[in-house]
Amino acid sequence: MPEGPTGSTVPRRQLGRYLRELRGQARLTVRAAARKLEWSEPKIWRIETGQTSLRSLDVEAMCKIYGAPVDLTEALMGLAKETKARGWWHSYGDVIPEGFDLYIGLEEAASSLSWYEADLIPGLIQTEAYAHTVIRTHNPREDAEEIERRVHLRIARQGLLTRVTDPPKLDVVLSEGVLRRPIGGKNVMAEQLRHLLEMSELPNVTVRVVPFEAGLHLGVLSGPFIILRFPLNADGGETEPPTVYSDGYTGDLYLDKANEVEAYDAAFTDTWDKALTEQASRRLITEQVGSYEQG
């Protein structure tokens with residue numbers, strides 16, 4: 001897929017997903033939508049597959065035809081402007097309406113995720129109590145109702161790992177410090193680590209721990225990240241370019257240039273190679289569960 005002026009296809013790919021979903025909800029075929037908009041069918045297809053940038057006025061016209069609510073229309077118009085931005089950092093904050101999240105869309109579409117975490121259990125395998133502690137700490141000004149909404153959204157995301165149709169492969173490398181840090185207290189951590197062991201038994205989930213004694217590895221230098229890869233087409237080519245996601249404190253970073261993905265691939269491989277085997281990782285996690293339960 002050719003790169004746009006940003007060097008990143010992420011904003012327009014996600015914009016295309018939302019517009020395709022809205023068209024589906026409106027029960028319009030590509031042909032019907034093209035006729036209503038007085039556009040060609042190939043143009044609709046290019047938009048929905050993220051192969052072209054869009055003017056915000058075009059997005060507004062599509063949303064009007066599809067009957068999208070005002071808040072979502074405004075958010076998508078803002079996203080259209082980002083497809084032409086020079087860099088891709090996204091920190092919309094309260095501009096994004098409920099249910100609109102770039103990363104969640106990528107996660108749902110991915111066929112595999114390679115995930116390195118240095119400090120926290122990955123969101124896809126967090127327990128509700130652990131997630132509540134993390135989200136509450138990260139959002140101290142939000143009221144209890146909003147915290148619960150965010151926790152429920154995080155837990156709902158986890159269904160993709162056990163969905164019937166093509167659940168993604170999840171390879172996780174955790175720093176040993178993730179196990180040792182008592183997020184939420186010892187009882188919460190014991191429950192979380194037991195859940196981690198259960199999740200690692202799924203056929204599509206692999207969890208390995210890189211011990212402190214491994215010393216310096218590229219994950220230490222890169223910080224936490226996720227590499228998302230997407231299904232191949234009938235010809236064996238990529239339907240979408242791999243994307244690196246990093247969850248920043250004040251904004252999220254999305255990278256999909258080939259050299260950027262290669263650098264993070266190297267970091268993940270180096271960290272994976274220095275991690276304990278699956279069996280040894282399970283033993284270490286089990287030992288840490290016992291430590292929390294005895295304490």
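Q: Which residues form a nonpolar patch on the surface, and about how much accessible area do they have together?
A: In this predicted model, the patch is formed by L216, L218, V220 and L221, which together have about 390 Å² of accessible area.

Q: Why is L218 called partly exposed?
A: The relative accessibility of L218 is 36%, and partly exposed covers values between the limit for buried, under 20%, and the limit for exposed, over 50%; L218 therefore counts as partly exposed. This residue, L218, is found in helix α11, which spans residues 218-222.

Q: What makes S281 a buried residue?
A: S281 has a relative accessible area of 0%, and buried means under 20%, so S281 is buried. The place of S281 is in helix α13, which spans residues 278-294.

Q: Which residues does S281 touch, leaving aside those up to four places away in sequence?
A: S281 touches V207, R208, V209 and L276, where a contact requires heavy atoms within 4.5 Å.

Q: What percentage of the residues of the protein count as buried?
A: Of its 295 residues, 51% count as buried, and the protein exposes about 15,000 Å², with carbon and sulfur atoms supplying 50% of that area.

Terms used
Residues numbered from 1 in each chain as written. Predicted model: local features only at pLDDT ≥ 70, side-chain atom pairs only at ≥ 80, totals over all residues. Heavy atoms only, no water. Patch = residues over 30% accessible without salt bridge, like charges linked within 9 Å, V, L, I, M, F, W, Y side chains within 5 Å. Areas by Shrake-Rupley, 256 points an atom, 1.4 Å probe, with all protein chains shown as cover. Salt bridge = Lys/Arg side-chain N within 4 Å of Asp/Glu carboxyl O. Helix = DSSP H or I, 4+ residues; strand = E, 2+ residues; numbered from the N terminus. Buried < 20%, exposed > 50% of the residue type's maximum accessible area, 1.4 Å probe, protein only.
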